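Here's a quick tour of one protein model, with a look at a helix, some charged pairs and a few aromatic rings. Have the sequence and the structure open as you read.

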Amino acid sequence: MGHAIYDPGQEDRPAWNVGRKLGAKRPLLPKQVWAVRFFLEQEHRLRDRALFDLAIDSKLRGCDLVKIKIDELVSGARIRQRAIIVQQKTGRPVQFELLEPARTSLLQWLERRGGSLDEYVFPSRVDRLSHMSTRQYARLVDEWVTAIGLRREDYGTHSLRRTKAALIYKQTGNLRAVQILLGHTKIETTVRYLGVEVEDALALSEATEI
């Protein structure tokens with residue numbers, strides 16, 4: 001049962017968010033992306049390297065990332081350069097690109113993993129026919145970021161989703177492109193997601209001459 005805030009026993013009870021870091025998690029910087037890749041390479045963690053690269057390129061939510069099946073990424077004996085999945089949250093399709101580092105690491109992992117086309121790319125530790133849980137994915141992200149000296153409180157699975165989107169926005173200022181890549185239905189969601197401020201808009205305007 002819950003308690004009312006006026007109950008005597010609640011007077012000295014700390015708020016649920018005391019000591020917790022709230023708000024959007026930070027995206028990784030390019031040098032941090034390569035630091036994680038180097039760490040995973042040194043540790044010979046093929047699965048984790050493939051998962052990390054796919055997370056960065058796909059810009060997917062964790063719930064969609066862990067449910068990707070082999071046939072959604074593979075065409076013949078090659079990894080697709082572009083893939084498409086239907087998002088769980090919106091029910092709408094979203095496309096994403098797979099660059100060379102991701103294609104290489106995914107191919108290495110799938111060759112090692114084996115399995116049929118209708119199986120999940122990243123199977124559960126408990127049930128090979130099921131997919132990795134979002135909780136396990138979150139634990140792995142915590143491990144990766146702390147391994148390169150970052151605070152786990154500042155980063156999470158959404159950091160990987162935001163990383164490439166934030167870089168694209170920084171380089172181009174194209175919110176519409178980022179909206180499409182993230183699969184957002186409203187541009188306002190993308191604005192909030194990236195933390196776009198008035199200063200960003202003014203900086204873009206100042207850099208544009210007529």
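Are Phe 52 and Trp 144 buried or exposed? Both of them are buried. Keep in mind that this is a predicted model.

## Helix α2

Helix α2 covers residues 46-58, and its 13 residues should span 18 Å at 1.5 Å a residue.

How enclosed is α2? Of its 13 residues, 11 are buried, so the rest of the structure largely encloses it. The buried set includes Arg 49, Leu 51, Asp 53 and Ile 56.

## Charged pairs

The count of salt bridges comes to 13. Asp 48 has a hand in two that are worth a look: one with Arg 45, where the closest N and O atoms are 2.6 Å apart, and one with Arg 47, at 2.8 Å. Asp 48 has 2% relative accessibility, so it counts as buried, and Arg 45 is buried too.

Salt bridges also link Arg 37, Glu 41, Arg 49 and Asp 53 into a network. Why might such groups pair up? Side chains of opposite charge can do so when their charged atoms come close. Elsewhere, Arg 151 and Asp 154 meet in a salt bridge at 3.2 Å, N to O. Asp 154 counts as buried because its relative accessibility is 7%.

## Aromatic pairs

How many aromatic pairs does a search of the whole structure find? It turns up 2. In the pair formed by Phe 52 and Trp 144, the ring centres are 5.7 Å apart and the planes sit at 90 degrees, so this one is edge-to-face. It links distant parts of the chain, with Phe 52 in α2 and Trp 144 in helix α6 (residues 134-147), 92 residues apart.

The rings of Trp 109 and Phe 122 have centres 6.5 Å apart and planes at 10 degrees, so they count as stacked. Trp 109 is in helix α5 (residues 100-113) and Phe 122 in the loop between α5 and α6, so the pair ties together parts 13 residues apart in sequence. Trp 109 is buried at 13% relative accessible area, and Phe 122 is buried at 0%.

## Charges over rings

Arg 37, from the salt-bridge network, also lies over the face of Trp 34, 4.5 Å from the ring centre. Lys 69 has its charged end over the ring of Tyr 120, at 5.2 Å from the centre.

Note on methods. Residues are numbered from 1 along each chain as its sequence is written. This is a predicted model: local features need pLDDT of at least 70, side-chain atom pairs count only at pLDDT 80 or more; totals for chains, interfaces and linings use all residues. Side-chain values use heavy atoms; hydrogens and water are left out. Helices (H or I, at least four residues) and strands (E, at least two) are DSSP runs, numbered from the N terminus. The expected span of a helix is 1.5 Å times one less than its number of residues. Buried means under 20% relative accessible area, exposed over 50%, partly exposed in between (1.4 Å probe, protein chains only). A salt bridge is a side-chain nitrogen of Lys or Arg within 4 Å of a carboxyl oxygen of Asp or Glu. Rings of Phe, Tyr and Trp (its six-membered ring) pair if their centres lie within 6.5 Å; planes under 30 degrees apart count as stacked, over 60 as edge-to-face and the rest as tilted. A charge sits over a ring if NZ of Lys or CZ of Arg is within 6 Å of the ring centre and within 35 degrees of the ring normal.
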